[in-house]
Amino acid sequence: MADFRAGGAPAPIQAEYLGMSLRLSELDVENLTYFRYCASHHFHLQRCCGCQLLRYPPMPGCPWCACPESEWSEVDGRGEVHSYTEIYKAIQPGFAESLPYLVAIVDLDVQKGRPSAQEALRVVGNLVDGEGRLASPAEIAKLGIRTRVRLVFTDVAPGLSLPQWTIDEEASRSAVRPWRWDAAGVIGSVGE
Ligand SMILES: [Zn+2]
């Protein structure tokens, strides 16, 4: 995979998504490069040239050692749900027809527990089906904390695809059973 920075600054991204205008400025080189990889359905993160740790979200310097140099590295998009929220009232009008939808924070397997035991690369995305469409209420009900998920890409516009999460049905079960709160606030297990 080419380094998109090799040919100079990448062009800005402009797209429409659910009635919203999205724009990434040509000044935001790190995010432009990240989304260029996403557009080709490859998940790349920056690896620090100083301490060798990966980081997310894309940013100019390393949050651990402050080194400004990094290289883009392809990363396996598999992980476990760290937390999630279900949205039943659309703040953005464009989402009104998609209610309810779920936003997950996922601990990537790569680099979990580094640089300290409590840390992980935590990547935010919507829960979607295998084709990248927002998940149905029945699918949402199957997800809990520690559910195994994998990354899929939702094509939004030419040159723009969003990294999202879908339940990884092929994954071996987590050591701890996934769980969620039900409507009455009671903790129950899911995934059986
Ligand atoms: Zn570093």
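Colleagues, I begin with P57, which is located in the loop between strand 4 and strand 5. Strands here are DSSP runs of E with at least two residues, helices are runs of H or I with at least four, and both are numbered from the N terminus. The peptide bond that joins Y56 and P57 is cis, with omega about 0 degrees.

A word on the source. This is a predicted model, in which local features need pLDDT of at least 70 and side-chain atom pairs count only at pLDDT 80 or more, while totals for chains, interfaces and linings use all residues. Residues are numbered from 1 along each chain as its sequence is written.

Two strands are taken to pair if DSSP finds at least two bridges between them. Strand 3 (residues 44–48) is joined to strand 4 by two bridges, and R47 has L54 in strand 4 as its bridge partner.

Q52, in the loop between strand 3 and strand 4, has a positive phi of about 70 degrees although it is not a glycine. H41 sits in the loop between helix 1 and strand 3, and its phi is also positive, near 60 degrees. How exposed is H41? H41 is partly exposed, with 13 other C-beta atoms within 10 Å, whereas Q52 is exposed, with 12. The scale counts other C-beta atoms, placed from the backbone, within 10 Å: 20 or more is buried, 12 or fewer is exposed, and partly exposed lies in between.

Five strands form an open, antiparallel sheet in the order 8-7-6-9-10. Strand 8 (122–126) and strand 10 (160–167) are at its edges, each with a single partner strand, so one side of each has no neighbour in the sheet. Neighbouring strands are turned by 35 degrees against each other on average, direction ignored. Eight bridges join strand 9 (residues 148–157) to strand 10, and R150 stands opposite T166 in strand 10.

Helix 1 (residues 29–39) lies across strand 9 and strand 10, at about 65 degrees to strand 10. Contact requires C-beta atoms, placed from the backbone, within 7 Å. Axes are lines fitted to C-alpha atoms, for helices over the stretch in contact, and angles run from 0 to 180 degrees between N-to-C directions.

Finally, P100 is in the loop between strand 6 (78–87) and strand 7 (101–108). A cis peptide bond joins L99 and P100, with omega about -10 degrees.

How values were computed. Two residues are in contact if their C-beta atoms, placed from the backbone, lie within 7 Å.
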